[in-house]
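Subject: Structure handover

Hello,

Here is the structure I promised to pass on. Please open it next to this email and follow along.

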Amino acid sequence: MNTKQKRRMNTIFYALLAHAVVVHGAAAQTPVDTTSSSAKQEAIASEHVRDAVAVVRKLDDVERMQGVLTSAKGIFIVPNYRRAAVGVGAAGGTGILLVRRASGGWSDPVFYNTGGLSVGLQAGVEGGNLVLVLNNDKAVNAFLKKNNFSVNAKAGLTVVRWNKMVQGTAGAGDVVAWSDTQGLFGDVATVQVNDIRFNQNVTNAYYERTLSATDVIKGTTNNPQAAPLVDALVAAAEPAK
């Protein structure tokens, strides 16, 4: 075998070796996750709805809160509010809006993303359940008419911190803010939740079609998986006997 032939054989050998390495490496890689983005978002939405059921049951155990829910026009639940750091810019979470219908009962959930509590969180507080009870149509319309907004005085909404309230003062605010975590709201009497955005993708995934927040509230469609949350809210909002 002459020099030219040897060079050709070496070229073929190294080409085959390189191909084998590539094929082996590809086979050894973790299998690609073929789960669709929509399916993942639907699973996340369903988890938040299940978590919200537990939050509503906590509210039902707070005697004075039952009176607030009885006359509420809507409720915004953030089952797992979390923070990135103390102060302005704290991380938020996925929020769920349900609205009381004129015909009675409650709507299915609409999904939102939340920004931060502008009043900040006390040191050592990582987060917890956050609930905004919407006392009137003005508060509900803030969620339905705007895609990016804040719940605060600048938006024309008076927000009353629950643990600063006394019996009979719920009507003083358009919104009543409640949390199961001591210190979540800091040391101020009012609460401001910033950068609330309608989550189109998660809402679409949960109902498997494109919907606006108003579509869901009006009952254009429904998801049977939301029934436990709606039922829990109906029970919590029933007038005390």
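Below is what was found in it, from the whole chain down to single residues.

**Overall**

This is a predicted model. The protein chain has seven helices and eight strands. Of its 241 residues, 44% are buried. The accessible surface is about 12,900 Å². Carbon and sulfur atoms hold 52% of that surface. Now take the contacts in the chain with a separation of 6 or more: 71% of them join residues 24 or more positions apart.

**Core**

The largest nonpolar core has 60 residues. Which of them touch the most other members? They are Ile75, Ile77, Leu98, Tyr112, Phe143, Val151 and Leu229. Helix α2 (residues 37–60) gives the largest share of this core, seven residues.

Val151 deserves a look of its own. Leaving aside neighbours within four places in sequence, Val151 contacts Leu132, Phe143, Leu157, Val159, Val175, Val191, Gln192, Val193 and Ile196.

Leu157 is on that list. Leu157 sits in the loop between β5 (148–151) and β6 (159–161). Not counting residues up to four places away in sequence, Leu157 touches Lys138, Ala139, Ala142, Val151, Asn152 and Asp174. Take Lys138 from that set: the sequence gap to Leu157 is 19 residues, and the C-alpha to C-alpha distance is 7.8 Å.

**Pocket**

The largest pocket has a volume of about 180 Å³. Its lining is as follows:

- Lys73, Val99, Arg100, Arg101, Ala102 and Asp137 are among the lining residues.
- Val140, Leu144, Thr214, Ile217 and Lys218 are also among them.

Which elements give two or more residues to this lining? They are α4 (137–145) and α6. The largest share, three residues, comes from α4. By type, the lining divides into five nonpolar residues, one polar and five charged.

**Helix α5**

Six of the eight residues of α5 are buried, so this helix is largely enclosed by the rest of the structure. The buried ones are Val202, Thr203, Asn204, Ala205, Tyr206 and Tyr207. What do they pack against? Their partners are α2, β3 (110–113), β8 and α6. Note that α6 also gives residues to the pocket lining.

**Positive phi**

Most residues other than glycine have a negative phi. Two residues here are worth checking against that.

Asp195 has a positive phi of about 55° and is not a glycine. Asp195 is in strand β8 (residues 193–198). Asp195 is partly exposed, with a relative accessible area of 32%.

Glu208 has a positive phi too, near 60°. Glu208 lies in the loop between α5 (200–207) and α6 (213–217). Glu208 counts as exposed, at 73% relative accessibility.

Asn135 is in the loop between β4 (127–134) and α4. Asn135 is buried, with a relative accessible area of 16%. Asn135 and Val175 are 40 residues apart along the chain, and their C-alpha atoms are separated by 5.7 Å.

Val160 lies in strand β6. Val160 is buried, at 16% relative accessibility. Val160 and Leu132 are 28 residues apart in sequence and 9.5 Å apart in space.

Glu238 is in the segment after α7 (227–236). Glu238 counts as partly exposed, at 46% relative accessibility. How many residues separate Glu238 and Ser71 in sequence? The two are 167 residues apart in sequence, with 9.3 Å between them in space.

**Where to start**

Best wishes

Conventions: Residues numbered from 1 in each chain as written. Predicted model: local features only at pLDDT ≥ 70, side-chain atom pairs only at ≥ 80, totals over all residues. Heavy atoms only, no water. Helix = DSSP H or I, 4+ residues; strand = E, 2+ residues; numbered from the N terminus. Contact = heavy atoms within 4.5 Å. Buried < 20%, exposed > 50% of the residue type's maximum accessible area, 1.4 Å probe, protein only. Areas by Shrake-Rupley, 256 points an atom, 1.4 Å probe, with all protein chains shown as cover. Core = buried A, V, L, I, M, F, W, Y, C linked by side-chain atoms within 4.5 Å. 1 Å grid on protein atoms, 1.4 Å probe; cavity = no way out; pocket = protein on both sides within 12 Å on 5 of 7 lines; lining within 4 Å. Points joined across faces, edges and corners; volume = space filled by probe spheres on them. Nonpolar A, V, L, I, M, F, W, Y, C, P; charged D, E, K, R; others polar.
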